[in-house]
Amino acid sequence: MMRVAAFSLCFCSLGVAASPVGTQSVADRPSAIVQQTANITVKGQILDETGLSVPGANVVVKGNTSLGTVTDFDGNFTLSVPAGSTLVASFIGYKNQEFAAVAGKPMVIKLVPDTEVLDEVVVVGYTTVKKSSITGAIGSVKADKLKDVTTPSVANMLQGKVAGVVVTPVSGQPGAGVSIRVRGIGSLRGNQEPLWVIDGVVGASSAELNPNDIESISVLKDGSATALYGSRGANGVIQVTTKRAKSGTSQFEVSAKFGLSELQRGNLRMMNGAEYYDYLKEAFTNAGTLEEQHWFQPYLREQNFDWWDEATQMATTQNYNLAYKFGSDKIRSYISADYYTEEGAIKGYDYDRVTLRTNTDYIVNNRLTLKASLALSYKETFNQQQSLSYASNTPWDSPYNSKGELKTGNEGMPSKDEAVNADPRDYWYSDGGYNYLNYYKRNWGKNRNNGMNINLGFHYKILDFLKYESNNQVGFANSYNETYTDPKSFGQETDHGNMYNGNSNSRRVYTSQMLHLTHTFADVHEVDAYLGYDYDEARYWSNWGRAKNIYSGAEIIDAGAGEQTAGGTKSEQKNAAFYFNANYTYDSKYLFQVMVRRDGSSRFGSDNRWGTFWSVGGGWNMHKEAFMEGLTFINELKPRFSYGISGNEPGGLYEWTTKLSFTQQYADNIAFFSNYAGNPNLSWEETASLDYGLDMRLFDRVSITVDGYYRKAKNLIYLRHLPAVSGYNRQTANNGSMTNKGFEISITPEIIKTKDIYWDVTFNMGYNKNEITKLPDGDELYTKATAVGYPYMNWYMREWAGVDAMTGKPLWFVVDKETGEKTVTGDYNKATRQLLDAVPTPKVNGAVGTNFSWKGLSLNANFTFSAGAKVYNSARAGALDRDAGRTSQPPMKLADGWNRWQKPGDKATHPQLIAGGNNSADGESTRYLENGDYFKLKSLSISYDFPKRWITPLTLKSARLSLGGENLFTITKFSGIDPEVLFSSEYNGTASSGNSYPSVRRFTVGLNLTF
């Protein structure tokens, strides 16, 4: 397996990479070299410890680094040097190897791994840190581990990659976002998502980020790491580093990928025409109303239209990327362009996006380096998509009548006189009287988004150990939306159609100024410290207009003859911070970290605008102690701890002040009113985080990381309800607390590591337990309750007791408030709503991955799993499993292990079928609370790197062909479509009857070429 990823490091340690290597004339060399009387030509190959070639390794003359070269793609080098020279071969992650220059026979030099510099640096906060010096809990993912899924979203690529980081797609719709939780939910009303930092710029990017531009991602999880970002780090920090060029490189890359996607159906299966007929016949018979159903005719058994097949499609995905890297001793530049397009697996949705990026470094001299970046993006969506609920129309209905005409859905069922000889294609049996095919192509929505980031910065070396770093960005974003509803559409009898136009604009400014000191004293005292200032501001403004009573085909709001309405908003926010961080290492063994930060935010009143946050951390590289020398199988053993205080802001920009609305009139004058009371005492939510961890590497084959943590959020931001006499009904305030505690583990054994074969397996898992420990106004007992002593969003409902074996009637539990004793009742209204030992968020999340390579062939697989969550399947309760509570709603087939009561003595999961319902059996209860555990093959890919002898004549450096699959199978007992998306913040464990969009199964083929 070639070390292609390291090729860009080629000239890092060469002092004068601008001149062609090995071509200097004697006259051009220093005087000491001029006296050399003869040169010899040295040839050789650099190999790693397994015998693999090492491209991009440096080979220089000892004492004269200006005379050297870099190994080619096969690790070969040729160098003309003075006779008698000593050469030094070096490569990141390996010890320097010295050898005598010998002419004639090619030399073979084998490098030895240097455990001191393996995984050399990781981005942590505002700088990079050696992995061996890290005291916090940080997950780092390199670019080659992020390419197993096809997505325009960088966040999607993190799923299953870092223990304790739960990444959940909110939808399978193209371009849909994700929900990310780092070590549980840490707030009730404040922000719950982690902070994003892209190339050192804090906050969301105005321009869309291209996954192909990513170099690495670091996830900061513990207090010492997240507190680096103070008021915004309480929910974790995701740091993204984009690609930049290295000195001595010139490389052009092109890649193309094509995919086919289909919607995952999961375990949900609907009854066919015959099954539905038999189902209703039983229900009508048990209700004693069969004779009244004149429309209910045997020919319905033969009708089997597949609405799911009609609503979905095999959709295409395409991605094309171009990238060029160039680096000399003065300028380094990375340029990329990317085009991504995807069709929705539910018909009627198209997604297109173009991104451009350039990252440039200009080395003015040995003290000053200028940095500039430009990122542009354009995204467009076209939407005629309809809800999946229409995919559960009855199999007796079809979209077209017997004449081939599109039906409206208002045809109704045949009359008594018509029923016997009726053609069911000319009638409508489904609930709601709506044929979505008659309307979805009439109506549409368009969205266009532009984004731009301009970054300018510099590094200036004041002293050899002191550097001034400046990082600045201005970002612009624009969005334009159109929505057209045709006058002939369903429900437009009053408005007669409408046209909506809206646009929004935002501008964001960020600046960071920092003094950075790095120095080693007396060879054993290492100090890495920085002092800095951050400031950012964001402004947003929007306006919109809507016209009614339009003519068909209108695309402007001026085309409406009816009422026209308009609106708009403006908002602004600012943040500032002063911070200091220091890392101290003694003799590479003992590690200490301290940080303090002062944050200010416009989301608070003037009295509470500033907050102070801090952290401390420590670590011990035990494996470097003398008493560990005999334990040669231990390559790394580092216990560490950290404790930190970070903060969180309210979700709204102006919750500290009373907001007035002036859209009403009183006596022909503008009337100002408000039902929301401001709170000038609103202050920061604080999260204290304790982390204790252990990093190990054994037998130079097995890497293990274990972390335990305890997080307590206090001063919780919550919504206080006010008495009516106050003149207001609610107010944002601080009080209450919650905790998150758990553990994480990551294990990666390298099972086989030889010249031709490499195989590793990676396992990571995180366990989290959340608990509300204090609420100022008592428990909030809704279906998803907030109650002291229970997790956030704990399920609160009646407990299902099963089916009466003698009568087939539903049963529930009644709980005695004094004794806790449970008894059974058949009266739904008498059953007790209770706090259950059940939550809609998983307690355990994890992943298993494996990488196998043999020569040029590679196989990669990633599995994800989740356990401990309960999903309320409201799709069953509201439509699909109501025991004929509404006969025009077709039911799902009973899942494996379910059965229906038929006669006295039956032990059944489902009560007797009765048209109109069976004694509120479909009421909200634990009957519909299902196990949401799943195990999923998230991605599988196989790739082949073509041999160099095949591609060299084509002037190619590398060529790779790959085949991939995503979401190939899911093992779960959940009876619905896809439990995964239901754990996102979009659904919070509730499976709706048609609004959820499950993730898609995708098959891809890709080609990557490097010139």
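Trainee: What should I keep in mind about the model before we start?

Mentor: It is predicted, so local features need pLDDT of at least 70 and side-chain atom pairs count only at pLDDT 80 or more, while totals for chains, interfaces and linings use all residues. Residues are numbered from 1 along each chain as its sequence is written, and side-chain values use heavy atoms, with hydrogens and water left out.

Trainee: How many cavities of 30 Å³ or more does the structure hold?

Mentor: Here is the general idea. Rolling a probe the size of a water molecule over the atoms shows where empty space is left. A cavity is a set of points, on a 1 Å grid over the protein atoms alone, where a 1.4 Å probe fits but cannot get out; lining residues have an atom within 4 Å of a point. Points are joined across faces, edges and corners, and a volume is the space filled by probe spheres set on them. In this structure there are seven such cavities of 30 Å³ or more.

Trainee: Which residues are closest to the centre of the largest cavity?

Mentor: That cavity holds about 310 Å³ of space. Its lining has 26 residues, and Leu268, Ala875, Leu880, Ile977 and Ser992 are the closest to the centre. Helix α6 (residues 874–880) gives the most to this lining, with three residues; helices here are DSSP runs of H or I, at least four residues, and strands are runs of E, at least two, numbered from the N terminus.

Trainee: And what is the volume of the second largest cavity?

Mentor: About 150 Å³. Among its 15 lining residues, Val124, Val129, Leu228, Asn583 and Gln593 lie nearest the centre.

Trainee: How many aromatic pairs are there?

Mentor: A pair of aromatic rings is described by the distance of the centres and the angle of the planes. Rings of Phe, Tyr and Trp (its six-membered ring) pair if their centres lie within 6.5 Å; planes under 30 degrees apart are stacked, over 60 edge-to-face, and the rest tilted. This structure holds 39 pairs. Phe284 and Trp295 make an edge-to-face one, 6.2 Å centre to centre with 85° between the planes. Phe284 lies in helix α3 (residues 273–287) and Trp295 in the loop between α3 and α4 (307–311), so the pair ties together parts 11 residues apart in sequence.

Trainee: Is Phe284 buried or exposed?

Mentor: Buried, at 3% relative accessibility; the cut-offs are under 20% relative accessible area for buried, over 50% for exposed and partly exposed in between, with a 1.4 Å probe and protein chains only. Trp295 is buried as well, at 9%.

Conventions:
1 Å grid on protein atoms, 1.4 Å probe; cavity = no way out; pocket = protein on both sides within 12 Å on 5 of 7 lines; lining within 4 Å.
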